[in-house]
There are 2 protein chains.
Amino acid sequence: MQFKFHMPTKAYFGTGCISQNSSELALLGKQALIVTGGHSARESGALTDICNELTALNIGYAVFDKVENNPSTDTVKAGGAEAKRIGADFIVGIGGGSPLDASKAVAVLAVNEIEPVELFTNKFTTKPLPIVAIPTTAGTGSEVTPYCILTRNDLQTKVSFGNADTFPSIAFLDPRYTESQPFGVTVNTAVDAFSHCLEGYLGKRRTPASDILALEGISLFGRCLGDLKAAKITYEHRENLLYMSMLGGVVISHTGTTIVHGAGYNLTYFKGIPHGKANGFLMTEYMRFNYDYARDRIDNVMKLLKMGNLDEFGEAMTDLLGEAPCLDEAEIAQYAAITMTQRSTATNIRPVAVTDIAEILRRI
Amino acid sequence: MQFKFHMPTKAYFGTGCISQNSSELALLGKQALIVTGGHSARESGALTDICNELTALNIGYAVFDKVENNPSTDTVKAGGAEAKRIGADFIVGIGGGSPLDASKAVAVLAVNEIEPVELFTNKFTTKPLPIVAIPTTAGTGSEVTPYCILTRNDLQTKVSFGNADTFPSIAFLDPRYTESQPFGVTVNTAVDAFSHCLEGYLGKRRTPASDILALEGISLFGRCLGDLKAAKITYEHRENLLYMSMLGGVVISHTGTTIVHGAGYNLTYFKGIPHGKANGFLMTEYMRFNYDYARDRIDNVMKLLKMGNLDEFGEAMTDLLGEAPCLDEAEIAQYAAITMTQRSTATNIRPVAVTDIAEILRRI
């Protein structure tokens with residue numbers, strides 16, 4: 001038994017958690033840059049809630065709301081410049097994975113004179129500013145991970161960075177903020193969170209502690225899956241999905257992701273398929289590919305999801321997400337080659353060749 | 001669903017974990033005070049291992065080995081003075097709960113001009129020195145908690161302090177270090193770790209996340225219990241017990257303990273009964289007292305321990321620990337009154353009156 005366990009983010013979960021724990025903000029400084037996208041921070045009520053608390057605490061702030069889906073290195077460069085301009089003491093990220101990830105890059109760039117491409121070296125002279133992360137989707141888990149995933153047009157894919165200093169200091173997880181998401185986004189992000197638990201549980205870097213958190217996340221997905229397929233969602237489901245997403249974040253902080261994420265980035269980059277949905281399209285064939293290497297674990301996942309076998313699971317995913325795109329052989333070869341450049345192929349429980357990724361992409 | 005989740009200690013678990021992760025030490029400074037008791041740090045090999053690493057990293061150190069069982073405020077005062085004298089940048093605690101807890105008090109006193117009695121206010125002007133915690137018993141969980149429990153002769157009991165700054169920065173959990181413990185200590189400390197999981201799982205401050213960790217700890221105890229009763233212990237048991245103990249520490253960092261610990265301190269203070277054993281003597285009656293308030297949970301604990309009911313559990317504890325002491329009515333009244341002054345009565349799932357504690361003590 002050899003493992004590391006570490007969860008440095010102070011996570012506050014529950015309805016009203018920002019106002020109940022706002023004293024934490026006062027410890028971070030007198031000036032904040034809020035990093036967010038155009039919509040969900042406002043529509044969810046999260047932006048209003050945090051601004052009210054900052055004002056009450058006499059903390060100044062500016063809002064940088066230019067984070068697009070799958071943020072580029074240019075965007076985080078602009079965010080870093082804005083943080084410098086206002087003299088930010090800390091960064092507040094609000095939104096789905098894109099703004100939360102961007103807030104980490106901004107926190108680094110605000111205090112280090114480097115180009116965004118140097119973020120991927122994971123070595124920063126000055127410790128990043130503290131980050132407060134407020135998710136408005138239940139999927140990314142980014143609020144409790146050190147990871148920041150940025151789109152690199154030079155490499156034609158998404159690449160991540162992150163070290164022990166890029167964990168958010170505080171996460172506020174209020175299930176109400178996920179209520180304004182369209183149902184489709186709720187489903188896609190839930191599948192992403194499930195994917196974190198699944199890939200952590202089946203991956204090479206799994207640990208005894210990540211396993212118990214992953215299994216709880218998988219059970220929670222199983223409890224919501226039937227209703228999600230029937231397009232029904234209650235507040236209790238919102239709570240469970242946000243909690244699953246947090247657990248998934250803690251899991252991948254320890255295990256990383258594997259080839260579902262690695263190959264899925266291509267579907268997002270080239271086909272514009274939302275991240276969670278891209279993962280969902282790959283999941284069944286991923287488990288089929290790994291079945292002989294993780295039979296007991298995959299059977300256990302099926303049991304927790306109340307599924308008889310992988311075919312039934314595949315049908316459930318199609319019910320939930322629709323049909324996967326058809327890829328031509330040129331696309332398959334290109335995506336498989338790019339996937340092989342990702343670290344995530346090394347963490348798969350079964351050794352992976354480029355032809356294996358191609359075959360998975362062919363079968364989805 | 002309302003909860004907080006936070007595990008700021010970087011825990012490295014496994015055989016050889018100090019030497020494999022010694023680069024962490026270099027980040028903490030150039031001078032260390034090692035805080036320990038007279039025996040286990042040396043006998044376990046932990047002291048030699050850490051000194052070798054410190055020397056290799058060119059970090060100076062002194063050894064303060066005066067921590068007694070159930071350390072007093074005088075002892076930690078002397079330790080704080082020694083840390084100041086050598087200009088320590090960080091503290092290394094090695095041992096069972098007593099040295100690990102003492103190392104936290106020393107880390108505070110090294111940089112704050114206060115009397116030990118002021119530790120219990122939990123407010124320190126200067127942030128304590130970083131702490132590296134190396135357990136040599138599988139019980140306390142102190143390596144991953146902020147708690148420091150000291151004996152206060154003025155109050156005739158043990159009292160705790162601890163805040164977000166007294167979590168150890170690093171914990172090295174090497175199961176080999178627990179091998180030199182006598183079998184009786186192994187059993188007593190295992191019962192302590194189990195008690196952390198049990199009290200966390202049944203207590204009022206339980207959270208969804210503490211529950212899954214507690215249940216894993218309870219299962220691990222169930223897996224070892226039969227062999228412990230037969231005085232058999234393998235290296236795999238040592239691993240599982242140390243892991244259970246870590247999980248129990250993470251659990252009580254979130255939930256605190258309840259009346260088992262609160263009442264048990266009296267058996268330790270007045271009767272000299274080791275801490276874990278004292279908890280074990282109280283456990284069966286504690287569950288009986290709470291049964292109507294936590295029936296499903298207690299039944300679940302019995303299932304995970306493969307016990308038919310509380311009577312069978314009580315017999316197993318007697319097999320493991322021997323007979324509890326007989327207390328006279330004067331002792332019962334005194335201990336019950338002292339227990340009621342502890343915060344731990346407030347966290348019990350069933351409201352507790354002084355007569356309830358007296359009845360539990362009468363029945364053990």
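# Close-up views of a two-chain predicted model

**View 1. The hairpin of E6(A) and E7(A) has four residues between its strands.** In this hairpin, A:Gln156 takes a positive phi near 55°. The model is predicted: local features need pLDDT of at least 70, side-chain atom pairs count only at pLDDT 80 or more, and totals for chains, interfaces and linings use all residues. Residues are numbered from 1 along each chain as its sequence is written, while chains are lettered from A and ligands numbered from 1 in the order in which they are written. Strand E6 of chain A covers residues 148–152 and runs antiparallel to E7(A), joined by five bridges. Strands (E, at least two residues) and helices (H or I, at least four) are DSSP runs, numbered from the N terminus. Two strands pair if DSSP finds at least two bridges between them. A:Leu150 has A:Val159 of E7(A) as its bridge partner.

**View 2. In chain B, E6(B) and E7(B) form a hairpin with four residues between the strands.** Here B:Gln156 has a positive phi near 55°. Five bridges hold the antiparallel pairing of E6(B) with strand E7 (residues 157–161) of chain B. Opposite B:Arg152 stands B:Thr157 in E7(B).

**View 3. E1(A) pairs with strand E1 (residues 3–13) of chain B.** The two strands run antiparallel, and seven bridges join them. B:Lys4 in E1(B) is the bridge partner of A:Tyr12. The contact between the chains takes 19 residues from chain A and 19 residues from chain B. Two residues are in contact if their C-beta atoms, placed from the backbone, lie within 7 Å. On the side of chain A that touches chain B, E1, H8 and helix H9 (235–255) of chain A each supply at least two residues. Which of the elements gives the most to this side? E1(A) does, with 10 residues. By class, this side of chain A has 12 nonpolar, three polar and four charged residues. Ala, Val, Leu, Ile, Met, Phe, Trp, Tyr, Cys and Pro count as nonpolar, Asp, Glu, Lys and Arg as charged, and the others, Gly among them, as polar.

**View 4. An open sheet of 12 strands includes strands of chain A and chain B.** The order is E3(A)-E2(A)-E4(A)-E5(A)-E8(A)-E1(A)-E1(B)-E8(B)-E5(B)-E4(B)-E2(B)-E3(B), and the pairing is mixed. The edge strands are E3 (60–64) of chain A and E3 (60–64) of chain B, and each pairs on one side only. Neighbouring strands are turned by 25° against each other on average, direction ignored. Angles run from 0 to 180 degrees between N-to-C directions; axes are lines fitted to C-alpha atoms, for helices over the stretch in contact.

View 5. Strand E2 (residues 31–36) of chain A runs parallel to E3(A), with five bridges between them. A:Ala32 stands opposite A:Tyr61 in E3(A).

**View 6. Two domains of chain A touch each other.** Domain 1 covers 10–178 and domain 2 covers 183–363; these bounds come from an automatic or database domain assignment. Their centres, taken over C-alpha atoms, are 25 Å apart. In the contact, 21 residues of domain 1 meet 27 residues of domain 2. Strand E1 (3–13) and strand E7 (157–161) of chain A are the elements that give two or more residues to the domain 1 side.

**View 7. A:Leu225 lies in helix H8 (residues 208–229) of chain A.** Is A:Leu225 buried or exposed? A:Leu225 has 21 C-beta neighbours inside 10 Å, so this residue counts as buried. Leaving aside neighbours within four places in sequence, A:Leu225 is in contact with A:Leu305 and A:Ala316.

Conventions. A residue is buried if 20 or more other C-beta atoms lie within 10 Å of its own, exposed if 12 or fewer, and partly exposed in between; C-beta atoms are placed from the backbone.
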